[in-house]
Amino acid sequence: MIYLDYAATTPCSQENMTLYSKLSRDFYYNHESLHAGGDYTKSLREHGENQLDEVFTDNFTTIVTTSASEGNRIAIDLYLQDKPHPSVLVSPLEHPSVFAALERYEAALIMLPILNGTVDFSQVEAVIQDVDLVIMQHTHSETGLLMPVEKMAELCLLHDIPFHCDIVQAAAKLPVNTRGLSSYTFSGHKFYALKGTGALRIRRDYLQPLNPYFHHEYGTKNGTLDVPAFAVMAYGLKEMNSQLDVHLTYVSQLKEQLLAALNTHYTTLDYAMSPYIIPLISNQLEGQYIMQRLSQRGILISTGTACGHGIIHSTGLESLLKGSINQYFRVSLSHLTTAEEIAQLAQALNTISEEYHDTIPTTADC
């Protein structure tokens, strides 16, 4: 199998798996217990938080979550639960978990205007002073589009408005500046840690109990934490971040290799993009068809976020793809991807398109 769907999930590294096995044997106590075992495990959790502080170098409190999706929900609840009629400025390109969390508030959603692959700030400044929360992800999971997070953060600081950012597709892959953010989320399984681990990092000013019966994570949830898994995630993030520049250069070369090898039946988007995610558009074939044909050849790609069962939910994506949403598919890369795998993908894609065009009747045939 050639795996090229790393934006959906990554394999847990052998180093992280070995570390998890060891920590699970040594730190199996409930970190909320009041005895020495609880204190022992709590120290591991604090060590993990310290490692996250080293990576992001800013003053945030960590809430351990099972995923970024859970973190997005907790963050939105913290910001909006006391707002009777909240107004939220949100990107139309957000992950489905964000819109799922917003649905319960019947919030007055103001969609960020996306123009030519970025935010039209001339329209944002006219409405931002009237909103309770701004939500915009760092890197779009379906296309790799890079959003202007730093510029939005400066605007939110100016107007004293909380700004939540999903950095799932950027953590351990791209430089992330957290200045001006009120909170951000990420998931460990996106950078070779374990599934079921994530974090919400939030400014302490916004922390408050969400439910009188919630007794964990500052009153935001219940359930015994898998502290060893969290510690592995923090360790894995720090290790991956130390190789960020090397991996970024390598993956950028792989992207260039693929785009150079494809025939004229495929195009991509010409915006500021993460090299880890390559949105491709076929000029005639549907993305689902291409995905299935590649899968038959043992090459695994996708046609949308796995959290949406491969269905594209983003209305903003339709404008980005300029009417070619059915012909869209996604290739997502890793530092584990090889040049040979990219060559095989390009050859397979070119063959699929050429076989299709060879079956189209010509004038002479008619």
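**Figure 1. Bridge partners in the pairing of strands E11 and E12.** In this predicted model, tyrosine 266 has serine 282 of strand E12 as its bridge partner. Strand E12 comprises residues 277-282 and pairs with E11 in the antiparallel sense, over 3 bridges. Helix H8, formed by residues 244-261, packs on the sheet and touches E11, E12 and E14. The direction of H8 makes about 10° with that of E12.

**Figure 2. The open sheet of 3 strands, with the order E11-E12-E14.** The pairing in this sheet is antiparallel. Strand E11 (266-268) and strand E14 (328-332) stand at the edges; each has a single partner strand, so one side of each is left without a neighbour in the sheet. From one strand to the next, the twist averages 35°.

**Figure 3. The open sheet of 7 strands, with mixed pairing.** The strand order is E2-E10-E9-E8-E7-E3-E4. Strand E2 (61-65) and strand E4 (108-111) are the edge strands, each pairing on one side only. The twist of this sheet averages 20° from one strand to the next.

**Figure 4. Strands E7 and E8 with helix H6 lying across them.** Strand E7 (residues 133-135) and strand E8 (residues 163-166) are paired in the parallel sense over 2 bridges. Valine 134 has phenylalanine 163, in E8, as its bridge partner. Helix H6 is made up of residues 149-159 and runs at about 160° to E8.

**Figure 5. The second largest pocket and the residues that line it.** The volume of this pocket is about 200 Å³. Its lining consists of Ser13, Glu15, Asn16, Phe191, Tyr192, Tyr235, Gly236, Glu239, Met240, Gln243, His335 and Leu336. Helix H1 (14-26) and helix H7 (227-242) each supply at least two residues of the lining. The largest share, 4 residues, comes from H7. Sorted by class, the lining has 5 nonpolar, 5 polar and 2 charged residues.

**Figure 6. The protein chain from which the close-up views are taken.** The protein chain contains 11 helices and 14 strands. Along its principal axes, the C-alpha trace spans about 85 × 50 × 35 Å. The radius of gyration of the chain is 22 Å, which agrees with the value near 21 Å that a compact globule of 366 residues would have.

Methods. Residues are numbered from 1 along each chain as its sequence is written. This is a predicted model: local features need pLDDT of at least 70, side-chain atom pairs count only at pLDDT 80 or more; totals for chains, interfaces and linings use all residues. Side-chain values use heavy atoms; hydrogens and water are left out. Two strands pair if DSSP finds at least two bridges between them. Axes are lines fitted to C-alpha atoms, for helices over the stretch in contact, and angles run from 0 to 180 degrees between N-to-C directions. Contact means heavy atoms within 4.5 Å. On a 1 Å grid over the protein atoms alone, a cavity is a set of points where a 1.4 Å probe fits but cannot get out, and a pocket is an open set with protein on both sides within 12 Å along at least five of seven lines; lining residues have an atom within 4 Å of a point. Grid points are joined across faces, edges and corners, and a volume is the space filled by probe spheres set on the points. Ala, Val, Leu, Ile, Met, Phe, Trp, Tyr, Cys and Pro count as nonpolar, Asp, Glu, Lys and Arg as charged, and the others, Gly among them, as polar. The radius of gyration is taken over C-alpha atoms; the globule rule is 2.2 Å times the number of residues to the power 0.38.
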